[in-house]
Amino acid sequence: MAQENAAFSPVSEEPPRRRGRQRYVEKDGRCNVQQGNVRETYRYLTDLFTTLVDLQWRLSLLFFVLAYALTWLFFGAIWWLIAYGRGDLEHLEDTTWTPCVNNLNGFVAAFLFSIETETTIGYGHRVITDQCPEGIVLLLLQAILGSMVNAFMVGCMFVKISQPNKRAATLVFSSHAVVSLRDGRLCLMFRVGDLRSSHIVEASIRAKLIRSRQTLEGEFIPLHQTDLSVGFDTGDDRLFLVSPLVISHEIDAASPFWEASRRALERDDFEIVVILEGMVEATGMTCQARSSYLVDEVLWGHRFTSVLTLEDGFYEVDYASFHETFEVPTPSCSARELAEAAARLDAHLYWSIPSRLDEKVEEEGTGEGAGGGDGADKEQNGCLPPPESESKV
């Protein structure tokens, strides 16, 4: 038993790790990619609405103010030109003269009349007369165009304000991912939680492995993406995210970590991107939260601390322990080696059960069993199966 515990105890010596890897996705979900040398910039104008929504707030507010101010100035200048062309500015004191717009005596008055017309304020001091057909046409044109500007700009502001990006700020991921045993198999795990009482509907989780690879033909792919199964086949990727959940990727033969031992994993260079998607319950809009884990943020031989406790009539989540982990006995070999060691042990136990029963009597006198050498060999490889499995047999 002492040998088994020694084989499962975490390795104290840590090999040197690679430092300074550039993240593909930041911890807050921001993608660390910039588009450069985009020559077909006209494509942004073909989808002007999305372009305005994607702008930073200070630029959006500037465009919002300029859209109204320039429209008012443009039509104000036209009203002034109509008054100037008809001679209304030369007959300001003539009571028998019928101007296009009453009480329009300069550019400032024309600008104010433009604002009143487009915003439908209607103070009543400046009024268009029926003796000005060009003014009537301009009034109709400004009313229609002003409604379009209002709809466009208010729509942009509404969509920008109601974007679910801020909702993702209350969806949290654990600061580290862990690797430990679950039901006798190595699993890569991370934790997700929702800080709000209004839940994410139809939540689903995905995980991507980002690392460089080279094909058989010699092509180098710098940021190759590989899916990490988190329960798509069994439906475990669809979450009922009421309390924090631990998402598990079982390291099996289909996993890219199948042949990765602890030392090999710590010397590797990769990034794991996790994506949580769902609909906001309050608005029905789709929300996406992202995070990532580098090699240094994957803890081998750790397990997450429980955050859920049963109180008087309800469950309480302690988010102070959300990121906390603790060490657990975990073999340091790869999942493939662990599976092979477990298969050899099962085969050995199957064929040697009668002899082992006889050896127990002899071991009482000698103090040493014949199986000590096998245990030492497996301890060297750090691939002993869980002690519970042997005790069950």
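Exposed means over 50% relative accessible area, and buried means under 20%. The legends below describe close-up views of a predicted model.

**View 1. A salt bridge joins Asp-227 and Lys-208.**
At 53% relative accessibility, Asp-227 counts as exposed because the cut-off is over 50%. The closest N and O atoms of Asp-227 and Lys-208 are 2.7 Å apart. Asp-227 belongs to strand β5 (residues 220–227) and Lys-208 to strand β4 (residues 200–214), so that the pair, 19 residues apart, links distant parts of the chain. Across the model, the count of salt bridges comes to 14.

**View 2. Strands β4 and β5 pair in the antiparallel sense.**
Six bridges hold the pairing of β4 and β5. Gln-214 stands opposite Phe-220 in β5. The two strands form a hairpin with five residues between them. In this hairpin, Gly-218 takes a positive phi near 95°.

**View 3. Strand β4 also pairs with β8 and with β6.**
Nine bridges join β4 to strand β8 (residues 271–280), and the two run antiparallel. Ile-200 has Val-280 in β8 as its bridge partner. The pairing of β4 with strand β6 (residues 238–239) is antiparallel too, over two bridges. Here Ser-204 is the bridge partner of Arg-238 in β6.

**View 4. Strand β3 is largely enclosed by the rest of the structure.**
Strand β3 spans residues 185–194, and nine of its 10 residues are buried, which means that the strand is largely enclosed. Three bridges join β3 to strand β1 (residues 171–173) in an antiparallel arrangement. In that pairing, Phe-173 has Val-192 in β3 as its bridge partner. Strand β7 (residues 245–250) is joined to β3 by six bridges, and these strands run antiparallel. Leu-188 is paired with His-249 in β7.

**View 5. Strands β2 and β3 form a hairpin.**
Strand β2 (residues 177–182) runs antiparallel to β3, with five bridges joining them. The bridge partner of Arg-182 is Arg-185 in β3. Two residues lie between the strands of this hairpin. In the turn, Asp-183 has a positive phi of about 55°.

**View 6. The side chain of Asp-194 reaches the backbone of Arg-196.**
Asp-194 is found in strand β3. At 4% relative accessibility, Asp-194 counts as buried, because the cut-off is under 20%. Its side chain reaches the backbone nitrogen of Arg-196 at 3.2 Å.

**View 7. Helices α4 and α6 pack against each other.**
Helix α4 covers residues 57–86 and helix α6 covers residues 133–161. Their axes are 11 Å apart and meet at an angle of about 175°. Angles over 145 degrees count as roughly antiparallel, and therefore α4 is roughly antiparallel to α6. By class, the contact between the two helices has 19 nonpolar, five polar and three charged residues.

**View 8. Arg-86 and Asp-88 form a salt bridge.**
The side chains of Arg-86 and Asp-88 meet at 3.0 Å, N to O. Arg-86 counts as partly exposed, at 23% relative accessibility. Asp-88, at 3% relative accessibility, counts as buried.

Arg-336 counts as partly exposed at 26% relative accessibility. Glu-340 is also partly exposed, at 35%. Elsewhere, salt bridges that share partners join Arg-23, Lys-27 and Glu-297 into one network.

Note on methods. Residues are numbered from 1 along each chain as its sequence is written. This is a predicted model: local features need pLDDT of at least 70, side-chain atom pairs count only at pLDDT 80 or more; totals for chains, interfaces and linings use all residues. Side-chain values use heavy atoms; hydrogens and water are left out. Axes are lines fitted to C-alpha atoms, for helices over the stretch in contact, and angles run from 0 to 180 degrees between N-to-C directions. Helices (H or I, at least four residues) and strands (E, at least two) are DSSP runs, numbered from the N terminus. Angles under 35 degrees count as roughly parallel, over 145 as roughly antiparallel, 65 to 115 as roughly perpendicular and the rest as oblique. Ala, Val, Leu, Ile, Met, Phe, Trp, Tyr, Cys and Pro count as nonpolar, Asp, Glu, Lys and Arg as charged, and the others, Gly among them, as polar. A salt bridge is a side-chain nitrogen of Lys or Arg within 4 Å of a carboxyl oxygen of Asp or Glu. Buried means under 20% relative accessible area, exposed over 50%, partly exposed in between (1.4 Å probe, protein chains only). Two strands pair if DSSP finds at least two bridges between them. A polar contact is a pair of N or O atoms within 3.5 Å; within protein, one must be able to donate a hydrogen and the other to accept it, and residues adjacent in sequence count only if both atoms are side-chain atoms.
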